[in-house]
Amino acid sequence: MRRATHAKWAACAAAAALAATACGGEDSGGGSDTGAVLSSSWGDPQNPLEPANTNEVQGGKVLDMIFRGLKRYDPETGEANDMLAEKIETTDSQNFTITIKDGWTFSNGEKVTAKSFVDAWNYGASLKNNQKNAYFFGYIEGYDKTHPEDGSKQSADTLSGLKVVDDKTFTVKLSQKFSTFPDTLGYPAFAPLPQAFFDDHDAWLSKPVGNGPYSIDSYTKGSQMSLRAWDAYPGTDKAQNGGVDLKVYTDNNTAYTDLMAGNLDLVDDVPASQLKNVKADLGDRYLNTPAGIIQTLAFPFYDKNWNKPGMEKVRTGLSRAIDRDQITDTIFQKTRTPATDWTSPVLGEDGGFKEGLCGDACEYDAAEAKKLIEEGGGLPGGQVKITYNADTGSHKQWVDAVCNSINNALGNDRACVGNPVGTFADFRSQITDLKMSGPFRAGWQMDYPLIQNFLQPLYYTNASSNDGKWSNKEFDKLVDQANAETDTAKAVGLFQDAEEVVRDNMAAIPLWYQNGSAGFSERLSDVKLNPFSVPVYNEIKVS
Amino acid sequence: MGRYVARRLLQMIPVFIGATLLIFLMVNVMGDPIAGLCGDRQCDPATAAQLRKEFGLDKPVVQQYLTYMGNVFTGDFGTAFNGQPVTELMASAFPVTIRLTVVAILFEIVIGITLGVVTGLRRGRPIDTSVLLVTLVVISVPTFVTGLLLQLLLGVEWGWIKPSVSTDATFGELIVPGLVLASVSLAYVTRLTRTSIAENKRSDYVRTAIAKGLPRRRVITKHLLRNSLIPVVTFIGTDIGALMGGAIVTERIFNIHGVGYQLYQGILRQNTQTVVGFVTVLVLVFLVANLLVDLLYAVLDPRIRYA
């Protein structure tokens, strides 16, 4: 297979030097071809490709193709539906009995059993394996023994809360009540792992084996991964195409150019510089759909200046000084939507998204902004500095625009300035070391489509991503209540109450919801992006 | 000659140590790289500490440097954050960049020197003026403009080439990127050769050679060109290193997965091992290229050999 590809490339290269030739792929005219392979842009995953070690979109894309977990989030609604799970039962929101369906295997022939899950979760939680998503297992009893918080030697290798009952059943005991726990199980970190993973780890890493609709045909790190539809896949969401070639691009502009030249079928990240002409270039082959990502400005509550009484007025005033409509229109070409709460529209109303929950506090009003800031005692030191990383994501543009908006509203040229930090790593380490002196950029991409995920990790006292170290007893109490509530609708209501506490204190300024964007060639149809802004590859039809 | 080479080799040691130490320090002052590995969230402290220990980042910088250099001499360049050994990254990146550099250097030598000789011999004629004008334009337009323009025209509008280079990066695919990469240096080579030829054309030994009745072709290649090439060789020699390290822009535009790409990723992810490893090899390339230039002098001009 690989040889053949080489030969083809070489032939194409030679031909390309002479004349215009179509080296694209096997064209078969109209109708969809379930054997045809499409090519898609990709970025080099940052971490080794293991379910519990992958925390960014590029690696997650692959995991979504080669793994299926107990649950799967509906590509359209984001709802958590049973996949491998036959049933997940609980009487007290703390002890769960999970039964898995019959007939599932890994693509190497191994059966998927209860042990595949328990082993995988134990591996992910164990400190010695350095898994970056280990905290996902933090709710399971015994986590503090396999993953001591202070980094001391772990006293257990396995989670005491996990027990295999038989081939098809296992039980999970959590260390606290968590009613929506089953809905978190669609996250890739909870994927099952075959015995081959533990027997020969290096071999598995160079060519991962999973139980999803695709299997990996070849993987050249840093350049390309070829995935092919796995014929014996037992699930209902079989691949509608023959496979996907993920090609690593150093620059999304080049990927876009390749799409224009007919050299690539799918680009899932339209470069900002092309947003102006993408409509004209692609027409309805351009997708711009909401994703579970919200951008906010966080505050350093460990800094006395930002935490003294009255500052909530200053924070609200700053929020009111930002003209979100204008910035999302002019800078983002409507690929972001002004935020009116602290979650995301992908949750849907039943899931906890409440349009307008922020109310006046998120509406632009220069006069009111000025008044609020004065009432609150003015800006600390007379100036706010918004810190951001300048290396990726074109953050400079919008930070400058936000500052402009604040300066105009306050009638003061020096009220707000941007404070760039060279690299993302440095930006993160300054945040971790509590070195922020003013508001800073914060982005949150959901792990699973639950309102809990937009609030608890970010605003609960000492939570994993509470970068501003905000702490509020009332908020914590409401979140605890919500997690203990077995009735989903009631739980969502309690989370929304907690969100109102965030609003009243303006713990973080919500800026906008981010959309996922994609462009595709004429060969493809049925392309859509899931709530995580990843293309739903198995549904794409190639003609 | 032997002593000369030995002295040049010894001089390379302090340069090598100094350059790697500087890079090591520079990458280290950018902060804690582990903090950037967990995305827009904080790594849990226990895992972060564990990773720091694994990459040796918990030790003082000087100790890190010494361990690193110790390992380098045994051929171990460490591990990148995605779990791949840096030597593996090098094995995939350097061949590609070397091919690209070879294409670029060939363009410089063939087109640059030819144009230089032609214009140098016809100074002041229309061809000389027009070539001078073209080279001026090439020098003043940044590489990324030339690159993007050629990519758009040849790749998208006319469809002569593929806008991006495939994983294999064969010579055929690298022709256009190589030309883009070479463009500025090519213009300099043309101008250097032209000036040198024009100057030496009036020198005594050329007049003597002509007076002896040697054929014009022999006068130009054996006498005029050989003496005029010394500054050009210096330039091309140092340019080898510059092209390999400076290919970042070209490699990005044409999606070439070479040294520039790996360096860019390494810097973005603040991966000390990758950046220092690649820079170490690039420093070596620079040093060897300079050594070769000095040795070539001796071949071109025997007087230098005895100095």
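Okay, let's start with one cut-off: a residue counts as buried when its relative accessible area is under 20%, and as exposed when that value is over 50%, with partly exposed in between. Take F136(A): its relative accessibility is 5%, so it goes down as buried. One caution before I go on: what you're looking at is a predicted model.

F136(A) has a partner, so let's stay with rings for a moment. A pair of rings gets described by how far apart the centres are and by the angle of the planes. F136(A) pairs with Y135(A), and that pair is stacked, at 4.9 Å centre to centre with 25 degrees between the planes. Then there's F178(A) with F181(A), which is a tilted pair: 6.3 Å between centres and 55 degrees between planes. Over all chains, the structure holds 38 aromatic pairs.

While we're on buried things, have a look at helix 11 of chain A, residues 311-320. It's mostly covered, with 8 of its 10 residues buried. Among the buried ones are M311(A), V314(A) and L318(A), but also R315(A) and R320(A).

Now, charges. D64(A) bridges to R72(A), with the closest N and O atoms 3.9 Å apart. D64(A) is partly exposed, at 23%, while R72(A) is buried, at 14%. Those two belong to a network in which shared partners join D64(A), R68(A), R72(A) and D237(A).

Which salt bridge partner does R285(A) have? That would be E522(A), at 3.7 Å between the closest N and O atoms. This pair links distant parts of the chain, 237 residues apart: R285(A) is in the loop between helix 9 and strand 12, and E522(A) is in the loop between strand 17 and strand 18. R285(A) is buried, at 19%, whereas E522(A) is exposed, at 67%.

Last one in this chain: D526(A) and K541(A), with 2.8 Å between the closest N and O atoms. D526(A) is in the loop between strand 18 and strand 19 and K541(A) is in strand 19 itself, so the bridge ties together parts 15 residues apart in sequence. Both are partly exposed, D526(A) at 42% and K541(A) at 27%.

Okay, on to where the two chains meet. How many residues of chain B are in contact with chain A? There are 51, and they touch 55 residues of chain A. The buried area is about 4700 Å², and carbon and sulfur atoms give 51% of that. D40(B), R41(B) and Q42(B) supply 16% of what chain B buries there, more than any other three residues.

The interface has 1 salt bridge, between R252(B) and D251(A), at 3.5 Å from N to O. On the chain B side, helix 2 gives the largest share, 6 residues. By type, that side divides into 20 nonpolar, 20 polar and 11 charged residues.

Note on methods: Residues numbered from 1 in each chain as written. Chains lettered and ligands numbered in written order. Predicted model: local features only at pLDDT ≥ 70, side-chain atom pairs only at ≥ 80, totals over all residues. Heavy atoms only, no water. Contact = heavy atoms within 4.5 Å. Buried area = accessible area lost by both parts, 1.4 Å probe. Salt bridge = Lys/Arg side-chain N within 4 Å of Asp/Glu carboxyl O. Helix = DSSP H or I, 4+ residues; strand = E, 2+ residues; numbered from the N terminus. Nonpolar A, V, L, I, M, F, W, Y, C, P; charged D, E, K, R; others polar. Phe/Tyr/Trp six-rings, centres within 6.5 Å; stacked < 30°, edge-to-face > 60°. Buried < 20%, exposed > 50% of the residue type's maximum accessible area, 1.4 Å probe, protein only.
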